Amino acid sequence: MIRTERARRRAVYVAQILGVAGAYYLAGHLGLMRQVVVDGAVVTPLWPPTGIALAALLYLGVRVWPGIALGTLLTVVEIGDAFTVSRLAIMFGNTVAPLASYALLRWAGFRSELVRLRDGVCLVFLGAFAGMLISASIGSFTLLLDGKVPPGRFWLVWSSWWAGDAMGVLVVTPVLLVLRRVRWPRASDRWLEASVLAVVVVASSLIATRSSLSMIYLVFPVIIWAALRFQLPGSAPCALVVSVLAIVAGTDALGPFAGHSLMEIMTNLSLLNGSVALTALLLGAVVAEHKNIRRETEYAVEELEALVEQLAPMSGPAAARYEDRPRRHGPLDGGPHPDHR
């Protein structure tokens, strides 16, 4: 029985490692479909594997890091023609970065439910902005030492790398975290409103990212609507849809991205995706925290009412018995004093 249990645990662990590696590799393929080459460096406006890696660590713990390393190795080998020391350094940076983000989130007391504003702020500044500095710095310096990036273009490569990794955390990780709370829909759910929201977010994103009238800010009222009505389970998928459609339009130089240089397009995409992700994440967390506070307050009021109802029957007979007792007259009520003769 003990051997069987150990074998089962090992099989589950191996399956988790292979699952994380496979998800990382497939997400890397999706991200590379919209790759941008900057002086020999391959960067993407959105790198989904970083979001998958951090979500896997938050779900399964630090023990699945070999799956992240294996997925990074497969992705790096797929990009290059040969496996070199520089690619090994890039693999190391892409593995350590989500581990650093996970350690920072654990240190800050992060909760993966994302029902507090504090959790949203930690994911933004510690998980995305701070942790991804490692992968961007190691990768950019490696390419600089290899001679694939000239010194004058180093900061462009570094900022593009960092923005892509950070957007992967901001856009992909919240979607994966809310999947834990997915349940079978009920008849009482807001089906009609959710369906209308799905249609509106796709339509508004297409108009905003493909129209030449600079209507890019059209997506924000939709994100706010999703966050106010459906919290993070509604706003996170909407932010993902907006980011993907914006990246497709930006890399094809359509709509508001037409006629701009590569650096301008990457900057605009980073600002747009970051603003959309921050709005969806932080506003969704604020609304969820407010609802939880209201629910806890209502629950406390119900408990107080139940306690009052339990104590009321006990105090009733005692008060009645006290009122039925004969009163003794004292000097304060005008009666004779007990010592009066």
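**Surface patch and salt bridges**

Leu-18 lies in helix α1, where helices (H or I, at least four residues) and strands (E, at least two) are DSSP runs numbered from the N terminus. Please note that this is a predicted model, in which local features need pLDDT of at least 70, side-chain atom pairs count only at pLDDT 80 or more, and totals for chains, interfaces and linings use all residues. Residues are numbered from 1 along each chain as its sequence is written, and side-chain values use heavy atoms, with hydrogens and water left out.

Leu-18 counts as exposed because its relative accessibility is 52%; exposed means over 50%, buried under 20%, and partly exposed in between (1.4 Å probe, protein chains only). Together with Val-14, Leu-70 and Leu-74, Leu-18 makes a nonpolar surface patch of about 330 Å². Helices α1 (2–32) and α3 (65–79) are the elements that give two or more residues to this patch. Patch residues have over 30% relative accessible area and no salt bridge; nonpolar side chains (Val, Leu, Ile, Met, Phe, Trp, Tyr) are joined within 5 Å, like charges within 9 Å. Areas come from the Shrake-Rupley method with a 1.4 Å probe, and for residues only the protein chains shown count as cover.

I turn now to the salt bridges. The whole structure holds four, each a side-chain nitrogen of Lys or Arg within 4 Å of a carboxyl oxygen of Asp or Glu. Arg-34 pairs with Asp-252, with the closest N and O atoms 2.7 Å apart. This pair links distant parts of the chain, 218 residues apart. Glu-193 and Arg-229 also meet in a salt bridge, at 2.7 Å from N to O.
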